[in-house]
Amino acid sequence: MTRETVLRYIDQHAAEMIDFLKKYVSIPSVNTGIEGEGKEKEVQEWLAETLRGYGLAVDTWAEDAKKVRPNVVATLKGKGGGQDLILNGHSDVVAVNEPEKWTADPWNPVIRDGKLFGRGASDMKGGNAAAIWAVKALKDCGADLKGDVFLQLVVGEESNEGKTIGTTAAIKRGYKAPFAIVVEPTNLEIHLASVSLFFFEIIVPGKAVHVCCRNQVVFPQPYGLACGAQVGVDAVKKALPFIELFYKLEAEWNQRWRDPILGAGGHPTFDKQGVGVFTVNPAIIEGGTYLASISGQVKITYSVWHPNSVPAETIWEEIRQAVSALASTDDWLKEHPPVINVPILQEWKGYAVSEDLPGVVSLKRAIKNTLRQEAVISGFKAVCDSTYLNNNGIPAVTFGPGNLDLGVHGDDEYIPISQLIDAAKVYASFILDWCG
Ligand SMILES: [Zn+2]
């Protein structure tokens, strides 16, 4: 059996792979950790049964308290004496909040102009389908492998539960290898690093009072009438300089920490992704509680995406200092300082691996041999489970079909069919080389 046999198999079975992906996308496996309900269980049970039907050894188990969010690991067994490999992807997807903005039914995939539309098409059932079909092609073609291939098809990624019930649990269960590829959408670029993510909130205090007193709060009063902070303080007005402050810091940090950013250029050709620049996003602004009151408090929740070469602690300290310096210039805020809570909610650190890893060298070769082009080396501008593989001692990169700007976490998500097929070919080619 040659590599060409397997690549031909993938071309000849493209229609079946697309049908597989359509069925996969049609099961609304919305992340239970975010939504409180979803069909992670249903999608995983369907996967387990389908992969058993393909003749793979399938293990399925759940780590969540209610045991309703199972992981699936399918193994293509080698004959021993070779290198094992992990292909990792998540089956959970984010919710569809504005279905009316879609031009296609998010849960009933259609193909238009060579693109398959549906929630999870790019993120990341498409990558999983390509990995599964690479393994199926090798099995059906009778590939003679030495190492094992573990398809880790996990839950809980979208809610950062890869560190608990998802990917980390699969590793702890014994599915380990000297190299892993996370098949998240990278536009078929090899991503050696990702950003890091944290959240923080700033609570700016005011002093609520009946809105009829606003003239006293805002304007000087004659005849010794009470005014200003004696009466009330508009928290929105007090919060504005801090909103400005973080826009300025966002720009400044991008200048200061420009060098370590990977991607936004890539090599040998321009990448389409790259680890994003430093971003400080005011995600949620909450202020005021009643129509007839001056707002007594404003709370702003920020998300910060930063290169993982910059320690989060350094940024937290700078946030605290900048807020305190600005507060000291205001009479009210000097006495009633804003509260900074950092970090809150969750932290998701990035990963970074060397381009010299044997797995990366081998993956570059698979891309060149299969797609007849040089691999593009770049960075992942979001976070993903590659972090948790690397944290558990398994060198991992991210490489997959689709892209983060194709409606991922938004409307009209899609994956180009040609990338799906190309990815399956690259994975198959890589497995032959790595596990052969
Ligand atoms: Zn994803």
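At what angle do the axes of helix H2 (residues 14-26) and helix H4 (residues 40-53) cross? They cross at roughly 155° and come within 9 Å, axes being lines fitted to C-alpha atoms over the stretch in contact, with angles from 0 to 180 degrees between N-to-C directions. That makes H2 roughly antiparallel to H4 (angles over 145 degrees count as such).

A word on the model: it is predicted, so local features need pLDDT of at least 70 and side-chain atom pairs count only at pLDDT 80 or more, while totals for chains, interfaces and linings use all residues. Residues are numbered from 1 along each chain as its sequence is written, and side-chain values use heavy atoms, leaving out hydrogens and water. Helices are DSSP runs of H or I with at least four residues, and strands are E runs of at least two, numbered from the N terminus.

| Pair | Angle | Axis distance |
|---|---|---|
| H2 and H4 | roughly 155° | within 9 Å |
| H1 (residues 3-12) and H13 (residues 417-435) | about 155° | 10 Å |

H1 is likewise roughly antiparallel to H13.

Now to the metal. The zinc ion has as protein donors His90 (NE2), Asp123 (OD), Glu184 (OE) and Glu184 (OE), at 1.9 to 2.5 Å; donors are N, O and S atoms within 2.8 Å of the metal (3.2 Å for Na, K and Ca), and without water sites may look incomplete. Their spacing in sequence is H-x32-D-x60-E. His90 belongs to strand E3 (residues 85-90) and Asp123 to helix H5 (residues 121-140), so this pair ties together parts 33 residues apart in sequence.

Key: Angles under 35 degrees count as roughly parallel, over 145 as roughly antiparallel, 65 to 115 as roughly perpendicular and the rest as oblique.
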